[in-house]
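Here is a walk through one protein chain, region by region. Have the sequence and the 3D view open as you read.

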Amino acid sequence: MRSVEGKVVLVTGAAMGLGRLFAQTAVAENAAEVVLWDVNESALKDTAAELEAEGGSVHVDVVDVASHAAVARAARTVRQEVGDVHVLVNNAGIVRGNGYFWEDPIGDATRTMSINSLGPMYVAHEFLPAMISGEAECRVLNIASSAGLNAVPRMAVYASSKWAVVGWSDSLRLELEQAGHEHVRVTTVCPTYIDTGMFEGAKGILLTPMLEPHEVVASAWQEMKRGRPFVIVPWTSRLNKVLSGVLPVRLRDEWMRRAGVYDSMAGFTGHDA
């Protein structure tokens with residue numbers, strides 16, 4: 001896929017942060033329609049107005065991806081009013097608290113798993129059948145996290161939610177290949193902390209700067225169009241994944257402690273994406 005020109009692009013968590021940037025990128029490439037889903041109605045309207053001022057054709061809906069019923073309703077509306085989706089960006093996500101697992105409310109765990117893990121599945125399940133049955137090149141871009149590649153204290157539930165996304169997303173990629181649907185490709189994105197405010201207060205990790213949102217989106221977008229399986233940034237995340245696979249657990253833990261990974265959430269104060 002060279003560009004999304006003439007295609008329908010749907011972005012979840014589109015009101016702010018990475019989602020807004022993904023939507024802007026789709027408009028810049030002359031997407032036929034950009035569908036924006038988010039729970040923040042006010043910010044969503046502001047983003048939609050901006051994109052329309054830039055010449056984009058935009059369809060907006062307030063959708064809580066944690067609710068299967070809400071996703072199904074909104075998906076029906078998209079199919080009726082816009083048409084089939086060619087590019088799906090599963091970006092919506094939250095992170096809660098910086099306490100130990102047993103200290104945080106269990107409701108936070110339920111909400112985090114529902115939005116971060118089940119949400120992408122609900123959305124993809126609605127739009128994949130048409131992608132598969134059609135002949136157009138299609139893409140699914142799932143925003144996971146480097147926390148889905150390694151264990152991280154003080155974010156046990158968030159890490160679990162992203163481990164689930166990584167496992168589901170890459171398994172889905174393999175299923176599509178195995179079933180012969182090579183025109184539909186899945187890319188899983190695993191960045192470290194991004195400077196969007198979502199991880200405000202998180203500590204720096206050895207040789208791992210806070211990532212710039214524009215750079216993450218640009219890299220993810222290009223690799224998505226190419227149909228690449230993974231985007232793992234920065235390089236230290238790939239290194240930590242390799243070391244986790246080859247080092248004994250206690251040696252791995254010592255490396256992660258010294259690198260600052262295990263203490264990185266101690267001062268977290270951020271907000272939902």
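## Glutamate 126 and the helix it sits in

Glutamate 126 is part of helix α4, which covers residues 106-133. This is a predicted model, so everything below describes computed coordinates. In those coordinates glutamate 126 has a relative accessible area of 18%, and because the cut-off for buried is under 20%, glutamate 126 counts as buried.

## α3 against α4

Two packed helices are described by the angle between their axes and the distance between the axes. For helix α3 (residues 68-81) and α4, the angle is about 30° and the axes are 9 Å apart. The crossing of α3 past α4 is right-handed.

## α1 against α6

Now for another helix pair. Helix α1 (residues 17-28) packs on helix α6 (residues 213-226) at an angle of about 55°, and their axes are 10 Å apart. That angle makes α1 oblique to α6. Here, too, the crossing is described as right-handed, with α1 passing α6.

From α1, the residues involved are Leu18, Leu21, Phe22, Thr25 and Ala26. They meet Pro213, His214, Val217, Ala220 and Trp221 in α6.

Two of the pairings are worth a look. Strand β1 (residues 8-12) runs parallel to β2, and five bridges connect them; valine 11 stands opposite leucine 36 of β2. Strand β5 (residues 138-143) and strand β6 (residues 184-191) are also parallel, joined by six bridges, and there asparagine 142 faces threonine 188 in β6.

## β2, buried on both sides

Is β2 buried or exposed? Six of its six residues are buried, so β2 is largely enclosed by the rest of the structure. In a regular strand the side chains alternate between the two faces of the sheet. In β2, Glu33, Val35 and Trp37 point one way, while Val34, Leu36 and Asp38 point the other way. The residues on both sides, Glu33 and Asp38 included, are buried.

Which residues other than glycine have a positive phi? Asparagine 30 is one of them, at about 65°. Asparagine 30 lies in the loop between α1 and β2 (33-38), where its relative accessible area of 48% makes it partly exposed. Arginine 154 is another, with phi near 70°. Arginine 154 belongs to the loop between β5 and α5 (156-178) and counts as partly exposed at 26% relative accessibility.

There is also a cis peptide bond to check, running from valine 233 to proline 234, with omega near -5°. Proline 234 is found in the loop between β7 and α7 (235-246).

## Aspartate 263 and glycine 204

Finally, go to the segment after α8 (249-259), the place of aspartate 263. Aspartate 263 is partly exposed, with a relative accessible area of 43%. Aspartate 263 and glycine 204 are 59 residues apart along the chain, and their C-alpha atoms are separated by 9.2 Å.

Note on methods: Residues numbered from 1 in each chain as written. Predicted model: local features only at pLDDT ≥ 70, side-chain atom pairs only at ≥ 80, totals over all residues. Heavy atoms only, no water. Axes fitted to C-alpha atoms, helices over the stretch in contact; angles between N-to-C directions. Helix = DSSP H or I, 4+ residues; strand = E, 2+ residues; numbered from the N terminus. Parallel < 35°, antiparallel > 145°, perpendicular 65-115°, else oblique. Left-handed = near helix turned anticlockwise from the far one by under 90°. Contact = heavy atoms within 4.5 Å. Pairing = 2+ DSSP bridges. Buried < 20%, exposed > 50% of the residue type's maximum accessible area, 1.4 Å probe, protein only.
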